[in-house]
Amino acid sequence: MSLFVIAEAGSTHGGSLERALQLVKIAAEAGCQAVKYQFWSDGRALAARRKADQHAETYVRYAMPEEWLDELAEMSHYFEIDFMCSAYMPQDLAIIAPFVKRFKVASFEARDHEFLTEHNRYPQPVVLSTGMMTMLQTVDAVRALRHIDAVLHCCSAYPAPDADLNLGAIRALRETFRFYMGARIGFSDHTRDIVTGGLAVAAGAEVLEVHYRLDDTPPNNPDYPHSLTPSELQGYVAFARRAERMVGSDVKRLMPAEEPMAQ
């Protein structure tokens, strides 16, 4: 397999386009294949949709302007990294579609079949997070999508505690979707630990999504508690790729390093 790492910038841009552009460079320099942002056209509408009126002001404050999409996509192209963006309301899919190679559906929307099927209007495949979901709910969600790129195991806690990560579920997802439309299996990481991605790879993950931030992101940013610093992101990716080399293949065989001893 070839590990695909998505750097999730989330809201750590803090409402600054300059900082959002810096995050693209950081993701590319860390060796990630994609950088992902979050887009909602109306923060209050999103809060109402999620029945989370207590978070309405936060959604309004950290909303990313539509005008940023073109510049962020252009910067991503410059650094030869894929630009991704999550939408949370059906009407916003048409806004982000011209800029992304793949869609991302967050765990909070993954059981909304009406929202899922809206993605089928577009040719881009979907990366689906499955936090808070059983295997049956996951199968139902995947079947609702016409184009699936990856199914990500996830623990929707911020940060996620070790005891609830349940990384063994990655193996179960691989067995379930092994031959389903070429779907890759992965892990959406909220631990803020640089070794967790490598452990997920050892459990069978082919795709990793990990939150990160700038060094000077203020602690009151909603994504701060579960986001890696730039240097931590580099360490995270390096360890995950080392784990990928160590895992190798499923074939038991004589390895090159063993050949002298075999003689």
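**Exercise 1. At what angle do H1 and H4 pack, and how far apart are their axes?**

Before we start: this is a predicted model, where local features need pLDDT of at least 70, side-chain atom pairs count only at pLDDT 80 or more, and totals for chains, interfaces and linings use all residues. Residues are numbered from 1 along each chain as its sequence is written, and side-chain values use heavy atoms, with hydrogens and water left out.

Step 1. Find the pieces: helices (H or I, at least four residues) and strands (E, at least two) are DSSP runs, numbered from the N terminus. H1 covers residues 17-29, and H4 covers 68-78.

Step 2. Take the axes, which are lines fitted to C-alpha atoms, for helices over the stretch in contact; angles run from 0 to 180 degrees between N-to-C directions. For H1 and H4 the angle is about 25° and the axes are 9 Å apart.

Step 3. Name the arrangement. Angles under 35 degrees count as roughly parallel, over 145 as roughly antiparallel, 65 to 115 as roughly perpendicular and the rest as oblique. H1 and H4 are therefore roughly parallel to each other.

Step 4. Look at who meets whom, with contact meaning heavy atoms within 4.5 Å. From H1 come Leu 17, Ala 20, Leu 21 and Val 24; from H4 come Trp 68, Glu 71, Leu 72, Met 75 and Ser 76. Sorted by class, that makes 7 nonpolar, 1 polar and 1 charged. (Ala, Val, Leu, Ile, Met, Phe, Trp, Tyr, Cys and Pro count as nonpolar, Asp, Glu, Lys and Arg as charged, and the others, Gly among them, as polar.)

**Exercise 2. Work out which residues of H1 are buried, and what they pack against.**

Step 1. Pick out the buried residues of H1: Arg 19, Ala 20, Leu 21, Leu 23, Val 24, Ile 26 and Ala 27. They pack against strands E1 (4-10) and E2 (34-39), and against helices H4 and H10 (230-247).

Step 2. Zoom in on Arg 19, which counts as buried because its relative accessibility is 18%. Skipping residues up to four places away in sequence, Arg 19 touches Thr 12, His 13, Leu 214, Asp 216, Thr 217 and Pro 218.

**Exercise 3. Describe how H7 and H8 pack.**

Step 1. H7 (residues 135-143) and H8 (residues 169-177) have axes 12 Å apart, at an angle of about 45°. That makes H7 and H8 oblique to each other.

Step 2. On the H7 side, Met 135, Thr 138, Val 139 and Val 142 make the contact, while H8 brings Ala 172, Leu 173, Thr 176 and Phe 177. The tally for this contact is 6 nonpolar, 2 polar and no charged residues.

Key. The expected span of a helix is 1.5 Å times one less than its number of residues. Buried means under 20% relative accessible area, exposed over 50%, partly exposed in between (1.4 Å probe, protein chains only).
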